[in-house]
Amino acid sequence: MPTWIGQAVRHGIVTSRYPAEPASEAEVPPTGRPPVAVKGSKLLPAGASLCPVGAISDRAVDRGRCIRCARCLPGGFEFRGPVESATRTRTGLVTGEPSPAAPEPTPPLAALSRSVHVFLVDAGSCNACNLEVLALANPFYDSQRLGVFFTNSPRHADVLLVVGVPTEEMVEPLRRAYDALPAPKAVVAVGVCAISGGAFAGTPGLHDALDQLVPVDVYVPGCPPAPVHVLDGLLRVVGRGRKAEGA
Amino acid sequence: MIESSELPARRPGTGGTHPELALAYAADDGSFAVYNDYSAGRAVFRPRSETPPPPEVAATWRRTRDGGQVRPVAPADPVEGYGLFTFPYGPISMGVPESGRFDVRTYGERILALVPVAGYKSRRILASVCGQTVPDAALRIERLAGNFSAAHATAFLSAAESAAGASVPRGELWVRALAQELQRVYNHVHVIARVAEAASQNVGTAQTQALAEEMLRVQGSVFGHRWLFGALLPAGPRRRLDAGDRRDLSNVLRRHAATFDRLWELFLGSRTFVDRIQSTGTVTPSLAKEWGAVGPTLRACGVPWDDRLRVPTSPYTDLFLDLPQESGGDALARLLVRAHEVRASFLLIEQLLDRWTTTPEALEAPAPPVAPSRALGRVESPSGDLVYDVTLSGDRVASIGMRSASQANFPLFARGLRDGVFTDFHFAWESFGLVFSEVDG
């Protein structure tokens, strides 16, 4: 007769080794990596004409806009960017732009590096980001092993995790949730909808950028970001993020 | 088409006639409606003015086109009494990870009435895609509800293709069906995991969540994207599967199907679990038909309706599909239907993989119609019947309407929870599989 304990033993341990080891291919599908021009910047103009959301300009790829629709692939792009593409600054998501080597700011909540409590706010998502964030609780990712806990009240949280493009109707609830967080606090924008409006940028009645409503400390690009990306973003808040490959 | 004379007599208090089960949808101008003709076993389309749905339900299916308005999505349910107050649950709560509000009339424990309020996260999608080309509009439409993306993309594309008079290769229809079935399995498993979580079945929750994650990984490996975004469009990230890949995939899915069978047997063997969901969130068959329930909610009320077998253009008509039916109408019945559908979908996936003999065929770009033309697309999303009404002008979307499964089922959820207690909320909510973003548009 099958039993729960038998099922659990039979199933074995499936928990990811991330971030001690790099994310596996199963954890990050092809679209989990940002696109890069294979043969360098001379392809950018071709990509710019293919991109439906304006993530590719003549000079740079803006990871904060890319919705991973794969339309630029025939133009010489490939999903080959680093898994750890979360950044502390919005400009850090724009690759290829000659930047004045700004030092990465210190983690906002370094003092809480062993345990951080997270409150999720959906500002207008398609539900995919929500489910990817909730997936952190499943046995594959088990965020609690890294001291990342989800709370049911903003008053118990250190980090406000925001998904979705902020709608006019959610601005007030969002601000009130932010105000309810005790200091020190940090905000993580998960998904390109929260970063730039993503596929919905420019729609009347929507706020394209979360960082114009509340200060954002970490940007996690992706549409939606996979659980390892969200985990990476949360660890970056407390200064425990994995060093980006090739960075 | 059924004739007006065949419609049932006027119901007292509604001020209009309606067929036994009227499925009006929030069309662009509200002039068309879709009805399931149960006796004839088919779907019929007719002008809405002839057969309006009950007005209290029609009011909750207001057009989503403009979006932006926070509004109740179930009929008002006034109740008064000593000590009663309205407890607003939401719009932000971790219990329901999406943003939406529930106005609960209670005196502290029992839910005497509940009215869901949606519109907080309206992204104005239907309005914003007007004027866009079909592939560009599809990028937004598939993000209307991330976990039902395959259903939304398929319904929208099939409506646009019919409007343009384009013929779609059979192989492409099977690829879309494969995407939908994979997503159906994911969604049903996810629903079971959420109900198990609410019932504190900790081992069962972890095991079921793990299976849901495995399904997302399968979707990622086949279609290049864990949520199938872009995968059904030309130039999407989808992979070309050769015979070896399909065999491997088939083996992986067979393993997952066996895991699911074991888990479900264990769940049904747990008295605490079954007791908790039995008679919770009950919808009576008469209310389900009257208000137009769809999907597993309808099939849990003893009505064997499924668009996959009823819509004439469905690619499922020559596949084997075992349709479940339960009669309880409660959370248990809905979960039994879902569990049965998981098995049925695994069988469908096997058949679809067998048929997917060639690489996905290139879609020919349809010649844009000269005059504006309008067509409907209809698929069975994991939570039920989903209808798109698309008018094309040239190669662009001129206007668009949509009636989602969540829009149809929200009033039933609200009524099903009446006279429950607070702890019933999550069992009822999760078992319906409702998605706020699909209501807000």
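Biologist: What is the area buried between chain A and chain B, and how much of it do carbon and sulfur atoms give?

Modeller: This is a predicted model, in which local features need pLDDT of at least 70 and side-chain atom pairs count only at pLDDT 80 or more, while totals for chains, interfaces and linings use all residues. Residues are numbered from 1 along each chain as its sequence is written, chains are lettered from A and ligands numbered from 1 in the order in which they are written, and side-chain values use heavy atoms, with hydrogens and water left out. The buried area is about 4800 Å², and carbon and sulfur atoms give 62% of it. Buried area is the accessible area (1.4 Å probe) that two parts lose on being put together, summed over both. In chain A, the residues that lose the most area to chain B are A:Trp4, A:Glu169 and A:Phe200, together 16% of what that side buries.

Biologist: How many residues does the contact take from each chain?

Modeller: Chain A gives 58 residues and chain B gives 57 residues, where contact means heavy atoms within 4.5 Å.

Biologist: Why is the pair A:Glu132 and B:Arg226 called a salt bridge?

Modeller: The rule asks for a side-chain nitrogen of Lys or Arg within 4 Å of a carboxyl oxygen of Asp or Glu. The closest N and O atoms of A:Glu132 and B:Arg226 are 2.8 Å apart, so the pair meets that rule. Across the interface of chain A and chain B, four salt bridges are found.

Biologist: Which elements of chain A give two or more residues to the side that touches chain B?

Modeller: They are helix H1 (4-11), strand E5 (116-122), helix H3 (128-134) and helix H4 (171-180) of chain A. Helices (H or I, at least four residues) and strands (E, at least two) are DSSP runs, numbered from the N terminus.

Biologist: What makes strand E6 of chain B mostly covered?

Modeller: Five of the six residues of E6(B), residues 101-106, are buried. Buried means under 20% relative accessible area, exposed over 50%, and partly exposed in between (1.4 Å probe, protein chains only).

Biologist: Which strand pairs with strand E10 of chain B, and over how many bridges?

Modeller: Strand E9 (residues 384-393) of chain B pairs with E10(B) in the antiparallel sense over seven bridges. B:Tyr388 stands opposite B:Met402 in E10(B). The hairpin of these strands has two residues between them, and B:Gly394 takes a positive phi near 65°.

Biologist: What makes helix H3 of chain B mostly covered, and what does it pack against?

Modeller: Six of the eight residues of H3(B), residues 134-141, are buried, among them B:Val134, B:Leu139 and B:Arg140. The buried residues of H3(B) pack against helix H2 (125-128), helix H4 (149-164), E9 and E10 of chain B.

How values were computed. Pairing = 2+ DSSP bridges.
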